[in-house]
Amino acid sequence: MNPADLLSAMKRTVEQLAAFNEMAKALTSTLELREVLALVMQKVSSLLLPRNWSLILQDERTGKLYFEIAVGDGADVLKGLQLNPGEGIAGAVFTSGAARLVHDVGGDPSFSPRFDEASAFHTRSILAVPLLARGRVLGIIELVNGPMDPPFTNEDLTILTAIADYAAIAIENARNFRRVQELTITDEHTGCYNARHLRALLDQEVKRSERFRHPLSLVFLDLDHFKSVNDTHGHLVGSATLKEAGDLLITLGRQNLDAVFRYGGDEFAMLLVETDQEGAAVIGQRVCEAFRGRGFLVEQGLDVRLTASVGVATYPDHASSALDLIRAADFAMYAAKARGRDALCIAEPIAPNGGTGSHEFPER
């Protein structure tokens, strides 16, 4: 190597080391997963200048792989697709944990053409590197070349491997941090959110509702005569029933919009954003009907039958604050119990003096 080439190579090395140092600082400066992914996207784009690339992660619930980030031709289509571990070159890299540099995918039996077919792109070569953290593969960073793009090099592989190493640690740390956060807001028996999180979230949503003039509703429910389940079958069966009841409520709400909480004992709540009294009453009636027509713990050889008393309150019709909204929904729920249980009641409108009416709690 002549001196000019050597100097140029050394300069590139220094620039890469500086970039890696900057990347390490950036990726360890946050524990928010969205920020980590945005930083990964920025560093891949600035260091490698790829026209088409993706970051593929594994869904921890289903085990399938999905495109968390997709850049380039057909990216919007790819974001809606999933693949199985072992499928295609990216899936093979995920399964093996070993990086692949494929110059011509036409001669590689691992290549899966269905992603080209879906995105109307023609892949010539692929560079795929696993995201490895503590011996576990979290996902893959994949660079894709078209017929007219310059070929990938071993230097590209080295740079992408370094990015993947930093990214994997940052993603794992962010996920662990999110799990710890979830433990503080989740009820350990049902997996629903807890009452503390309801109060915190409700404060935020009431402010948002006030700002944007959107209604906000709260559904409270109590499982009728639940004590008899514990008395008849024991507390383990009672806890399993509560878990199944929480799962049922989650299916009755709108995905990614409504939240379900275990408020305490056998009481649950559903927070319905941008939902007026009429919409909340529909959900509340659906809750009554779902419990009335279901047997719990059937797969365990039991057939536990339950009904629910449901109360509905809406901000700002029935309450002027987050705390008042909880009280209004709670009063309405106990009004449903007073009517004979297995019923739905709507909270009373705010009284002229700003209160919610002079309710008395029926006996619990």
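1. Helices here are DSSP runs of H or I with at least four residues, strands are runs of E with at least two, and both are numbered from the N terminus. With that in hand, L297 sits in the loop between β11 (295–296) and β12 (304–305). Please keep in mind that this is a predicted model: local features need pLDDT of at least 70, side-chain atom pairs count only at pLDDT 80 or more, and totals for chains, interfaces and linings use all residues. Residues are numbered from 1 along each chain as its sequence is written, and side-chain values use heavy atoms, with hydrogens and water left out.

2. Let's stay with L297 for a moment. Its phi is positive, about 60 degrees, although L297 is not a glycine. L297 has 4% relative accessibility, so it counts as buried (under 20% relative accessible area is buried, over 50% exposed, and in between partly exposed, with a 1.4 Å probe and protein chains only).

3. A120 is another residue to look at for its backbone. A120 is not a glycine, yet its phi is positive, near 60 degrees. You will find A120 in the loop between α5 and β5. With a relative accessible area of 74%, A120 is exposed, whereas L297 is buried.

4. There is also a cis peptide bond to check on your screen. The bond joins Y315 and P316, with omega at about 10 degrees. P316 belongs to the loop between β13 (308–315) and α11 (322–338).

5. Now for the inside of the protein. The structure holds one cavity of 30 Å³ or more (on a 1 Å grid over the protein atoms alone, a cavity is a set of points where a 1.4 Å probe fits but cannot get out; a pocket is an open set with protein on both sides within 12 Å along at least five of seven lines; lining residues have an atom within 4 Å of a point). The largest cavity has about 300 Å³ of space, where volume means the space filled by probe spheres set on grid points joined across faces, edges and corners.

6. Who lines the largest cavity? There are 23 lining residues, and L78, F115, T123, E142 and V144 lie nearest the centre. At least two residues each come from β1 (52–58), β2 (65–71), α4 (88–96), α5 (114–119) and β6 (136–145). The lining comprises 13 nonpolar, six polar and four charged residues (Ala, Val, Leu, Ile, Met, Phe, Trp, Tyr, Cys and Pro are nonpolar; Asp, Glu, Lys and Arg are charged; the others, Gly among them, are polar).

7. In α4, the buried residues are G88, I89, A90, G91, V93 and F94. Their cover includes β1, β2, β3 (82–83), β4 (100–102), β5 (125–133) and β6. After α4 comes G97, with a positive phi near 75 degrees. Helix α5 holds D116, which is buried at 15% relative accessibility. Neighbours within four places in sequence aside, D116 is in contact with F111, F121, H122 and T123 (contact means heavy atoms within 4.5 Å). D116 and L78 are 38 residues apart in sequence, with 9.4 Å between their C-alpha atoms.

8. How do α2 and α6 lie relative to each other? The axes of α2 (residues 33–48) and α6 (residues 154–185) come within 9 Å and cross at roughly 175 degrees; the two helices are therefore roughly antiparallel. Axes are lines fitted to C-alpha atoms, for helices over the stretch in contact, with angles from 0 to 180 degrees between N-to-C directions; under 35 degrees is roughly parallel, over 145 roughly antiparallel, 65 to 115 roughly perpendicular and the rest oblique. On the α2 side, the residues that meet α6 are L33, V36, L37, V40, K43, V44, L47 and L48, and on the α6 side the partners are D156, I159, L160, I163, A167, A170, I171, A174 and R178. These contact residues divide into 14 nonpolar, no polar and three charged.

9. The second largest pocket has about 250 Å³ of space. Among its 15 lining residues, L48, L49, P50, P150 and F152 are closest to the centre. α2, β6 and α6 each give at least two residues to this lining, and β6 gives the most, with three. The lining has ten nonpolar, two polar and three charged residues.

10. Finally, T307 lies in the loop between β12 and β13 and is partly exposed, with a relative accessible area of 24%. Apart from neighbours within four places in sequence, T307 is in contact with D222, L223, D224, F291 and D342. The C-alpha atoms of T307 and D76 are separated by 45 Å, and the two residues are 231 residues apart along the chain.
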